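Please read the following points with the coordinates open. They go through the helices in turn and then the pocket.

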Amino acid sequence: EILAFWSHTFALIIYATLLWIKNGTIPLNEFTLAPFPALAQALIAGATFPFYFRLQKAGGPVLLSQIGYVAAAIGLLTATFLLGEHYSLMTWMGAGVIGSGIIMTITAQSRVRA
């Protein structure tokens, strides 16, 4: 988790420096336009890397390689339940296939470790 903290901190410093060089300022006042979504996004982004590194440690390279699919499935659920979007049956079937593959991977890995 310490690597996650420092990688985020370094990225923040680089991004703020680039903003300062390009614009002569860092426009923090824009966060006041939507403070709660900005705070939620910051907290979620901050939590992403520690979870990512834990997944890498616990799941190994095979499970970690599926993180993009997991993110897509979470995006699908979020868009459906929080944003009211509607998707076709084929999209939900695809998400089911992804979920099944992840469950099979976790099951196979737990059997190998046991």
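1. Four residues of α2 are buried: G59, G60, L63 and L64. Buried stands for under 20% relative accessible area, exposed for over 50%, and partly exposed for what is in between (1.4 Å probe, protein chains only). Helices here are DSSP runs of H or I with at least four residues, numbered from the N terminus.

2. On provenance: this is a predicted model, in which local features need pLDDT of at least 70 and side-chain atom pairs count only at pLDDT 80 or more, while totals for chains, interfaces and linings use all residues. Residues are numbered from 1 along each chain as its sequence is written, and side-chain values use heavy atoms, with hydrogens and water left out.

3. What is the distance between the end C-alpha atoms of α2? The helix covers residues 35–64, 30 residues in total, yet these atoms are only 33 Å apart, short of the 44 Å that a straight helix would reach. The expected span is 1.5 Å times one less than the number of residues. A kink of about 95° lies at A58, shortly before the proline P61. The bend at a residue is the angle between axes fitted to the seven residues ending there and the seven starting there.

4. α1 has 22 residues and reaches 31 Å from first C-alpha to last, close to the expected 32 Å. Its buried residues are A4, A16 and L19. After the helix comes G24, with a positive phi near 75°.

5. For α3, the end C-alpha atoms are 21 Å apart, in agreement with the 21 Å that its 15 residues should span. A73, L76, A79 and T80 are its buried residues. Their arc is within 130° down the axis of α3, so they line one face of the helix.

6. Why does T80 count as buried? Its relative accessibility is 18%. Leaving aside neighbours within four places in sequence, T80 is in contact with E85, Y87 and W92. A79 is buried with a relative accessible area of 9%, and on the same exclusion of residues up to four places away it touches G84, E85 and Y87.

7. The largest pocket holds about 410 Å³ of space. It is lined by 13 residues, of which L12, Y15, A16, L28 and F31 are the closest to its centre. α1 and α2 are the elements that give two or more residues to this lining, and α1 provides the largest share, 6 residues. A pocket is an open set of points on a 1 Å grid over the protein atoms alone, where a 1.4 Å probe fits, with protein on both sides within 12 Å along at least five of seven lines; lining residues have an atom within 4 Å of a point. Points are joined across faces, edges and corners, and the volume is the space filled by probe spheres set on them.

Conventions. Contact means heavy atoms within 4.5 Å. The arc is that of the directions from the helix axis to the C-beta atoms.
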